[in-house]
Structures are given as C-alpha cells and as structure tokens.
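Reader: I am new to protein models. Could you show me how to read salt bridges in one?

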Amino acid sequence: MKPQQKVLACAAGLAAAMTLSAATFGTASGSDPAVAKSAGCQGSLDILLSNDDGYAAPPGINAVYEALRKAGHHVTMVAPLTNHSGTLGAATTALDRGIPAIAVSTAHPAESDRDWDGTGGPYFAGTTSLTERIVRTVQRTATDCDHLMPRHEGLNVNYPSVKYRGVREAEFGDIDTIPTTYTQDGEGKYTVGYDLSPLQDAAEGTSGRTTVDYELVARGYASITPLDGSLSATQDSGFVGNLVRDLG
C-alpha cells in the first residue's frame, strides 16, 4: 500500500507573513490512485504548517490553519514559541530535500504608507483565501499525486496591503527592500532597525509596467515568483505562469 499523500507547509515572515510548503508521497487520502493519476491530485492533503513569528503571533498562521482545515485538509501546526526569521529559509529547506514548497507573506500597511497611523493591519483574509486557492489549483493541475509541483521548484507569494487587484507572475527585485541596522545598547544587546523607504518609494512611484515582485505588491497585486534552493529560480519551467493563468 502506498503511503498517504502528504503536504509539508510552513508559514512565516516579516510583520504578517505566511509560508506554505508542500511535499508529496503516494496518493491523496480518500482518492482512487487511478483517478488521481488522470485528474491531478484529488482528495485531502496532510499539511504541516509553520511560521517564524510564533504560533501565537498575529492571526495569520491561525487563519491559514482554519482555512485549510475547512477545505478538507489534515493540518498540523508546528511553530516556534516566539518570533525568529525564516520565511524563505523554511521553503528552500524543503526544496533542498525535493519537497515542493510555497512561501506566503502578507505586506504590512507601513510598507506602502509613510504616514501610517498604526490603525488597521495586514489583510490576512485575502492572503488566507489566496493560499487556499493556490493549494487547490496546485492539486487540480498536478500531473498526479506523486508530482504536485516540479521537483526543486517552489513558489514565493506576496500579498499586498493596498486594494487587491489580482495575481501576477513576478521576478525577484535586485535590491534590499528592507535594509536592516543594528544599534548596540549594551554588551551583547542590540536594537534592530528596519528601513521601509524602498517599499514606500515603490508604492509612490507606480508609473510604467513592471514584473518586479515588490513593485507589483505596491500596486495591489499578489506576486508569485519561482523559488529554488538559491532563493530565486533564474528560469522556471513555466509552472508559475501556468499557475497564475489558472488562478485567473
């Protein structure tokens, strides 16, 4: 008997970020192997969900957990007690082991508004809905349950904080979008500072066409970039473009 279909999922990131990674072995639970081979990968998945903000961080990881469970998947959450970094690290670690991975992050309002007054917050509902749609689309368009996604190729998804305008295939930007500084406050103690001006500049300069991930997010698009073990795939298999088209 083949082992049950499995999906490894990880959720993490700055402010309100989520990472979803997937691994596949065997057939989906409750599905017929012959049907799965000819019609994507039907049935429920086993999903391991994690993050780097901590299990009790802003409600992002819990929102994804509930949405994926509601969609019929078996979800196990494994997350740290407190906040450490690793959005893409979790996904690329899975990819390095041949496990398909999806990293999902939600933009924070301060990234697009220099004058953000502290009210409101990241729009988790939109990210959660898109995450569930992506998992469903990956299942539907998979070659079979043994090949949910191309081997060693994952997805990096970023959801905007401004009004959502759709999904776009993107490429990684070639600048540090959130420069980080460290100020020593004593022996072995440092205060971490973040500069959001590159993101805020992108939100204010929205003229012309672009395929850069952070510029698309600044304009209200959810960006999807190919992801491999070196953080960005220089050439993807066409999987991302096809996925974006299937998402509509």
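This is a predicted model: local features need pLDDT of at least 70, side-chain atom pairs count only at pLDDT 80 or more; totals for chains, interfaces and linings use all residues.

Reader: How many salt bridges does a search of the whole structure find?

Author: Side chains of opposite charge can pair when their charged atoms come close. A salt bridge is a side-chain nitrogen of Lys or Arg within 4 Å of a carboxyl oxygen of Asp or Glu. Searching the whole structure gives three of them.

Reader: Which residue forms a salt bridge with Asp201?

Author: That is Arg114, with the closest N and O atoms 2.1 Å apart. The pair links distant parts of the chain, 87 residues apart: Asp201 is in helix H5, and Arg114 is in the loop between strand E5 (101-106) and helix H4 (124-141). Helices (H or I, at least four residues) and strands (E, at least two) are DSSP runs, numbered from the N terminus.

Reader: And which residues are joined into one network?

Author: Arg114 also forms a salt bridge with Glu204, at 2.7 Å between the closest N and O atoms. Arg136 pairs with Glu132, and both lie in helix H4, four residues apart, about one turn of the helix. Salt bridges that share partners join Arg114, Asp201 and Glu204 into one network.

Reader: Is Glu132 buried or exposed?

Author: Buried means under 20% relative accessible area, exposed over 50%, and partly exposed in between (1.4 Å probe, protein chains only). Glu132 has 17%, so it counts as buried, whereas Arg136 is partly exposed at 45%.

Notes: Residues are numbered from 1 along each chain as its sequence is written. Side-chain values use heavy atoms; hydrogens and water are left out.
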